[in-house]
Amino acid sequence: MKKHNIIAMALTSLMALPVIAQDSTPAVGDILQGINMFTPEEGDPAYKVKANEKYGTQWGVDMAYGLWNTEKVSDVKRHNNLALLHAQLNQRLIEDKANGGTWLRVEFSGSWGLDRESAQSDTFFTEAYATASGLHADAMGPHEGIFPEVALMQYFAGKRACLIAGMVNLTNYFDAVSIANDSFSSFTNDGFVNSTILPLVDSNIGGILQVELNRNNYMMVAVSRTGCDSGYNPFNSDYCDGYAVVGEYGHIFADGAATLRINPFYTSTDVDMDDGTGERRRQNAGLVASIEYTPCDPLTIYSRAGFAAKQYLSNSAEFSVGANIKLFPSREDDFLGISYGVFKGQTPCDGERAEHNREQVLEVMYSFQVNDYFKVVPHFQYTVSYTHLTLPTTSR
């Protein structure tokens with residue numbers, strides 16, 4: 001059993017050009033627009049400037065400095081001292097007011113260790129099995145600049161449907177719990193940012209079909225390769241090859257104050273085993289569900305739960321619950337975040353077997369908005385890991 005505390009401080013700057021203002025009454029296409037387009041403050045007069053609308057350009061940039069320290073884990077005291085950058089662009093290529101048009105989506109993510117020890121660490125806020133999602137890039141980790149997504153987005157059917165194809169980042173669309181899907185200004189543990197069970201890959205060739213059924217329901221399905229690690233050529237997969245199918249059904253209710261998401265998935269992967277047993281085909285399937293609810297303006301709560309049939313390249317079970325609370329009415333943009341999760345970790349792919357591989361994580365953070373472009377976000381995490389690895393037996 002391992003226990004370690006994590007204390008972190010992130011200084012974050014946010015800048016986004018205006019987007020088209022939306023009426024408070026739901027309209028056709030609002031759900032898909034909310035998922036795909038950049039709408040940081042819908043309805044806020046500050047975002048109604050028209051300068052960029054005729055060019056169909058939307059963009060946002062997040063910049064941060066992160067300092068992370070932990071107690072001894074495996075007799076090593078670690079820290080990360082990082083500069084971080086995340087940027088996104090939506091550029092309209094063909095205008096079609098009736099159907100929504102054709103768009104180019106580009107995403108850039110990078111973080112750079114400011115000392116040698118930072119550059120040697122694999123992840124920013126997690127180091128154990130259960131809360132580390134290896135299938136997609138950790139925006140808070142010491143990765144040099146990568147492009148998690150470069151894709152075309154085509155709306156059709158009167159804005160009720162959309163097709164996204166190219167090098168896609170599934171984390172931008174699926175399991176997007178509003179208070180637990182932002183590594184910079186909310187929870188930072190991988191287990192809270194996205195589901196640790198869903199194969200939400202980035203930097204891989206794939207496509208997503210989205211359909212808005214009505215003003216309260218939508219469906220999405222994605223098919224993506226899984227063989228390319230973040231930052232590498234998506235057409236080359238020397239280590240392993242495979243694909244993932246991820247779905248989502250979303251239901252918005254309580255006059256828009258609550259959202260239920262249900263995500264089934266299936267994966268099929270060829271893996272060259274490091275234990276000398278050769279290449280193996282691995283399949284996995286499972287289901288994840290999440291719900292978020294804003295009962296009143298100062299409080300938003302969420303919960304996420306899921307399971308997988310096989311404990312391989314995915315966790316086998318997870319449950320988390322959290323809340324964002326605005327403590328001071330005069331500080332509308334500040335909030336306290338508290339989240340707790342239990343995760344059953346994955347089996348390593350090198351032939352080792354993880355028994356009783358379970359983690360409990362508690363994270364407490366506070367987002368202090370200094371001005372429109374600068375915020376201070378301190379974090380505290382407490383992790384308890386129960387992990388025992390055994391090597392497989394081999395016959396002689």
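Predicted model: local features only at pLDDT ≥ 70, side-chain atom pairs only at ≥ 80, totals over all residues.
How many disulfides does the structure hold? The count is zero. C162 is buried, with a relative accessibility of 0%. C296, by contrast, has a relative accessible area of 38% and is partly exposed, because that value falls between the 20% limit for buried and the 50% limit for exposed.

Stepping back to the whole chain, the protein has 396 residues, and 47% of them count as buried. Its secondary structure consists of 16 strands and three helices. Contacts between residues at least 6 apart in sequence were also examined, and 65% of these join residues at least 24 apart. The accessible surface amounts to about 18400 Å², with carbon and sulfur atoms contributing 58% of that area.

Inside the protein, the largest nonpolar core gathers 27 residues, and the members that touch the most others are I164, L170 and F174. Several elements each supply at least two residues of this core: helix α1 (30-36) together with β5 (146-156), β6 (161-168), β8 (217-225) and β9 (240-253). Another core lies apart from this one and has 11 residues, including V177, F335, F343 and V361. Once residues up to four places away in sequence are set aside, L170 touches P199, L200, V201, I208, A222, S224 and V246.

Aromatic rings come next. A pair of aromatic rings is described by the distance of the centres and the angle of the planes. The protein has five aromatic pairs. In one of them, the ring centres of F187 and Y302 are 6.4 Å apart and the planes meet at 45 degrees, so this pair is tilted. F187 sits in the loop between β6 and α3 (190-193), while Y302 belongs to strand β12 (residues 299-308), so the pair ties together parts that are 115 residues apart in sequence. Are these two partners buried or exposed? F187 is buried at 0% relative accessibility, and Y302 is buried at 2%.

A further tilted pair is made by Y243 and Y266, with 6.2 Å from centre to centre and 50 degrees between the planes. Here the partners come from two strands, Y243 from β9 and Y266 from β10 (residues 258-272), so the pair ties together parts that are 23 residues apart in sequence. Y243 is partly exposed, at 36% relative accessibility. Y266 is partly exposed as well, at 32%. Ring pairs also build a cluster, which links F187, F192, Y302 and F343.

Which residues surround S290? This serine lies in strand β11 (residues 279-296) and is buried, with a relative accessibility of 2%. Leaving out neighbours within four places in sequence, S290 is in contact with D175, V177, T259, L260, R261, S303 and R304.

Definitions and conventions. Residues numbered from 1 in each chain as written. Heavy atoms only, no water. Helix = DSSP H or I, 4+ residues; strand = E, 2+ residues; numbered from the N terminus. Buried < 20%, exposed > 50% of the residue type's maximum accessible area, 1.4 Å probe, protein only. Contact = heavy atoms within 4.5 Å. Areas by Shrake-Rupley, 256 points an atom, 1.4 Å probe, with all protein chains shown as cover. Disulfide = S-S within 2.5 Å. Core = buried A, V, L, I, M, F, W, Y, C linked by side-chain atoms within 4.5 Å. Phe/Tyr/Trp six-rings, centres within 6.5 Å; stacked < 30°, edge-to-face > 60°.
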